[in-house]
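User: I'd like to learn how to read a model like this one, feature by feature. Can you walk me through it?

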Amino acid sequence: MAISEACTDGSDAQCVSVNGTSVLLPSGFEEAGVRDSSVSEDGQNTVDVTFDKDGAEVFHALTEKAVGAGDSARLVIKIGGELQAAVLVMEALKGDHAQIGLSPDVIAKEIVDLIRAG
């Protein structure tokens with residue numbers, strides 16, 4: 001996971017689209033350890049993630065940083081070497097659980113498999 005800024009397509013060579021949201025490609029990512037993941041049962045194309053203790057701390061710190069960076073900041077999530085989500089964070093999130101929304105062309109079960117593979 002990393003924090004990045006929203007951008008306008010074509011405004012910068014590092015501006016990439018992630019699920020329809022354009023962000024500047026982060027220079028580095030922090031790993032958030034995961035204890036478990038599963039396909040959400042809510043009928044949406046989402047994945048439920050439960051972080052381990054260290055992963056929950058990374059997740060909280062990054063969401064806190066995103067909120068402090070303002071409305072143009074996005075939490076960018078990379079899974080299996082691919083950017084999967086770039087989300088606006090409205091408030092710092094505590095706890096060990098998150099739900100990741102995926103684009104319609106991504107299969108949630110494949111993302112769960114990538115997370116479990118490490």
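This is a predicted model: local features need pLDDT of at least 70, side-chain atom pairs count only at pLDDT 80 or more; totals for chains, interfaces and linings use all residues.

User: Okay, and which secondary structure elements does the protein chain have, in what order?

Analyst: There are two helices and eight strands. Reading from the N terminus, you get β-β-β-β-β-α-β-β-β-α. The radius of gyration is 14 Å, close to the 13 Å from the globule rule for 118 residues, so the chain is as compact as a globular protein of that length. Along the principal axes, the C-alpha atoms fill a box of roughly 35 × 30 × 25 Å.

User: How much of the protein chain is buried, and what does its accessible surface come to?

Analyst: Buried residues make up 39% of the 118. The accessible surface is about 6,800 Å², and carbon and sulfur atoms hold 48% of that.

User: What about charges: how many are positive and how many negative?

Analyst: The protein chain has 8 positive and 20 negative charges. Their mean positions lie 5 Å apart.

User: Now a helix. How do I read which way its residues point?

Analyst: Here's the general idea: an α-helix has 3.6 residues a turn, so residues three or four places apart point the same way. Now the case here: α2 covers residues 108–117, and its buried residues are A108, I111, V112 and I115. They span an arc of only 100° around the axis, which puts them on the same side of α2.

User: And what covers those buried residues of α2?

Analyst: The cover includes the strands β4 (34–39), β5 (46–51), β6 (73–79) and β7 (82–87).

User: Which residue has a positive phi although it is not a glycine?

Analyst: That's N19, at about 55°. Look for N19 in the loop between β2 (15–18) and β3 (21–24). With 37% relative accessibility, N19 counts as partly exposed.

User: How far is T8 from T21?

Analyst: Along the chain they are 13 residues apart, and their C-alpha atoms are separated by 9.2 Å.

Methods:
Residues are numbered from 1 along each chain as its sequence is written. Side-chain values use heavy atoms; hydrogens and water are left out. Helices (H or I, at least four residues) and strands (E, at least two) are DSSP runs, numbered from the N terminus. The radius of gyration is taken over C-alpha atoms; the globule rule is 2.2 Å times the number of residues to the power 0.38. Buried means under 20% relative accessible area, exposed over 50%, partly exposed in between (1.4 Å probe, protein chains only). Accessible areas come from the Shrake-Rupley method with a 1.4 Å probe; for residues, only the protein chains shown count as cover. Lys and Arg count as positive and Asp and Glu as negative; His and the chain ends are not counted. The place of a charge is taken as NZ of Lys, CZ of Arg, CG of Asp or CD of Glu. The arc is that of the directions from the helix axis to the C-beta atoms. Contact means heavy atoms within 4.5 Å.
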